[in-house]
Amino acid sequence: MDDSIAAAAASGVDFNIYKRVNIVFPDMNPSCGWAGISGIGCVTETTSAGTFNVSISALPWTKLTPAVVFHENGHELGLAHARLRTFGTDVLGPIGTTGTLTEYGDHYSDMGVADEGHYAAGHKAEVLGWLTSGITYQNVTASGTYTLVPYESNTAGPHALKIQRGTGNPGYYLWVEYRQPLLNYDSTLAYAAAPNGNVFSGALI
């Protein structure tokens, strides 16, 4: 990776401007057990061409798909894996209960098992800063009726709710969002059509 950055820098790429780096390389061993690899967020890379603060993904050519790129680039932006958390026969466990975690378990998220999907609203608001409290998402601390606009819409209003679980429990939230198969991306997702289209028929929690 250092050699790739050094070669690109020597050819004129300014890594003081471009922080996200995808290195696509010939996969000499297609039986390798991974489709892509990335660090989380930016790191300091010292190369023969200088020291740069960048995030890097390594992507073998034989396994290069949009889903893999979306997933690894999500790591570059600072996202961890989207896991599935279950609590036996309960839908939601008590506060502080870990439950059973399944790595890559969220099949609606790009950060799950490399499906083409979404970056979860909670990640966007808390990690990426793509949502703004009070404008594009609403903090909920009291019972009531709340209206969401579709996540894909430019209509004014909250696209997600950040609901505090109970009272006096900072850090424990449920995120609720509402999505519709609109525009060029969402309408093409594998779960946009029946029988999986229920993702678009109500709230996604």
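1. E177 and R179 are both buried, where buried stands for under 20% relative accessible area, exposed for over 50%, and partly exposed for what lies in between, with a 1.4 Å probe and protein chains only. The side chains of E177 and R179 meet in a salt bridge, at 2.5 Å from N to O, a salt bridge being a side-chain nitrogen of Lys or Arg within 4 Å of a carboxyl oxygen of Asp or Glu.

2. The model is predicted, and its local features need pLDDT of at least 70, side-chain atom pairs count only at pLDDT 80 or more, and totals for chains, interfaces and linings use all residues. Residues are numbered from 1 along each chain as its sequence is written, and side-chain values use heavy atoms, with hydrogens and water left out.

3. Searching the whole structure gives two salt bridges, and one of them joins the side chains of K162 and E126 at 3.3 Å, N to O. Because K162 belongs to strand 8 (residues 160–164) and E126 to helix 3 (residues 121–128), this pair ties together parts that are 36 residues apart in sequence; helices (H or I, at least four residues) and strands (E, at least two) are DSSP runs, numbered from the N terminus. K162 counts as buried, at 9% relative accessibility, whereas E126 is partly exposed, with a relative accessible area of 48%.

4. H75 has its place in helix 2 (residues 66–77) and, at 7% relative accessibility, counts as buried. Leaving aside neighbours within four places in sequence, H75 is in contact with residues including S38, I40, H81 and M111, contact meaning heavy atoms within 4.5 Å.
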